[in-house]
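Dear colleague,

I am handing over the structure below, and after it you will find my notes on what was found. Please read them with the structure open beside you.

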Amino acid sequence: MRNASWLVVVSFVACGPHGRDPINGDGSNGIDAPPVNKCKVQDDGNAVPNCTKTAPPGSFTPAIKWTWTGTTEPYSIVTPLVANLTDDNGDGAIDLCDIPDVVVTASVDSGYPQSPGHIYLLDGKTGAEELMIPTTIDSTVTPAIGDINHDGIPDIVTVDTDGKLWAFDHTGTPIFGPAGQWGSPGDDSWYSGAIALADLDHDGNVEIIGGNTVWDDHGTVMWNAPSEQALWNATTVADLDGDGYMEVVLGNAAYHHDGTLYWQTSLAAGYPQVANLDDDPEPEVLLTNENGISLIKHDGTVVYQDLTPTGVEVGGTNWIRPATIHDFGGTGHAEYAMSSASFYTVYSPTGGIVWSAPVSDESGIAAGTAFDFLGSGTAEAMYADESQMFVFDSTGHVLLMIPRTSGTLTEYPVVADIDNDGAADIVVVSNSIGGAAASPTVQVIHDEQDRWIQARRIWNEHTYHVTNVREDGTIPANEVPSWTALNTFRTNAQIDGASVCQPVIP
């Protein structure tokens, strides 16, 4: 039996044309389920699939599905996002029966502070450019996607080059902006940062988080944490103390939903990742900062600190890299992976090396992801360095190298079903480094016969951990603790059950 910590189990509710039991499709087994709207999410936060598909052994044969290069802004150096933002089937509704959109931030620069750029929406099936939002934004900041105005359609939130907050609806029309300031004007505290969305106090309204700043859903600053944020940052949110409200987790510190301090450590600021990495039921905070890797219990107790297992020296950005948490080896226990400049490494929960592979990423602070494309019980790891996008097997063997160029900020490849065909895809961005010619701004990789199993059709923020968003872009008022379900961070959920299903596209 596969480890449920990394699968989303979707029941076969409605494969027949009228929502009848899928065994016979006509209710002849005595069970007649009510009709199900497959275009809407169900109680588990995902839409109901409708037909059977399997991923046979040996079907990892990746190929380029499509590429896109911006005509006037050819460089992207932040994580691409995925959500349904357009009515592709013309039925008057934007829902999960439409083709997902790839949301890309692009610029004429390659990641310098306050680099102006724009947000683009690309058709997930063809890569065709559907929309450029005309408002100039900071191209080094990873936006977040979620329905913040309660109209049933996801919105896009980011900041401009002055650090002022903006929110746009699916048409690119501003909901608000320029609004509350991230940090102090001119201090570049938002440089290479990332927006996160969560309902901190479970009142049905979405809060917006960037670094140590928290805004309400109208863009007004609610509070600023006095703890110093990392120079580059991707703050996350989790209910660490189990009181039913969310904490804002900076990494070396955590704050309650109202801005009061929960705990503070003496560790340097860095990137926080939250998962259960030991045998107790509470989560841990994995902190990756300039000094190495540290693990902190939910109450702020430091388990270990400043580990540098690969031997790469401390200094510069060598160790301040976002991490990925996943059960890479199918053992039933979460592990974590990250770059240390010249290596991409999977670690055990105690910080021991499981495997390590050479990469070349001395320039930046990129992250990675993972996915079990065949449903085989072990996951493939993905990482994009300065010149290649790698896919590794569960032992660190290179399965795929696709050229891509980047000076690497905190961007990383993402996995989602971006064209609604029932098979996972990989999306990776590129930019220029050292004046060399750049790869296409966006490259999408799929199995050449689309045999990979299905992923969710959303990836909405840098600190994506599946339970932070429903598949339709709704931010849950009561987020399920991710460590009690998938126990992953920066990886997507596999849609799995008796078999793998493809969604309906009318």
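Cysteine 39 and cysteine 97 form a disulfide (a pair of cysteine sulfur atoms within 2.5 Å), and their sulfur atoms lie 2.1 Å apart. A search of the whole structure finds one disulfide. The torsion about the S-S bond of cysteine 39 and cysteine 97 is about -85 degrees, so the disulfide is left-handed. The pair links distant parts of the chain, 58 residues apart: cysteine 39 is in the loop between strand E1 (7-9) and strand E2 (51-53), while cysteine 97 is in the loop between E4 and strand E5 (101-107). Helices (H or I, at least four residues) and strands (E, at least two) are DSSP runs, numbered from the N terminus. Both cysteine 39 and cysteine 97 are buried, where buried means under 20% relative accessible area, exposed over 50%, and partly exposed in between, with a 1.4 Å probe and protein chains only.

Before going further, please note that this is a predicted model, in which local features need pLDDT of at least 70 and side-chain atom pairs count only at pLDDT 80 or more, while totals for chains, interfaces and linings use all residues. Residues are numbered from 1 along each chain as its sequence is written, and side-chain values use heavy atoms, with hydrogens and water left out.

Two buried loop residues come next. Serine 76 lies in the loop between strand E3 (62-68) and strand E4 (81-83), and its relative accessible area is 0%. Leaving aside residues up to four places away in sequence, serine 76 touches (heavy atoms within 4.5 Å) Val104, Thr105, Ala106, Val429, Ser430, Asn431 and Thr441. Glycine 251, in the loop between strand E17 (247-249) and strand E18 (253-255), is likewise buried, with a relative accessible area of 0%.

Rings of Phe, Tyr and Trp (its six-membered ring) pair if their centres lie within 6.5 Å, and planes under 30 degrees apart count as stacked, over 60 as edge-to-face and the rest as tilted. By this rule the count comes to 16 aromatic pairs. One of them joins phenylalanine 390 and phenylalanine 392, which are stacked at 5.4 Å centre to centre with 10 degrees between the planes. Phenylalanine 390 counts as buried at 6% relative accessibility, and phenylalanine 392 is buried at 0%. Ring pairs also link Tyr344, Trp355, Tyr383, Phe390 and Phe392 into a cluster.

Finally, an open sheet of four strands has the order E20-E21-E22-E23, with antiparallel pairing, where two strands pair if DSSP finds at least two bridges between them. Strand E20 (270-275) and strand E23 (302-307) stand at the edges, each with a single partner strand, so one side of each is left without a neighbour in the sheet. Three bridges join strand E22 (residues 292-297) to E23, and these two run antiparallel. Within E23, leucine 307 is the residue that isoleucine 293 stands opposite.
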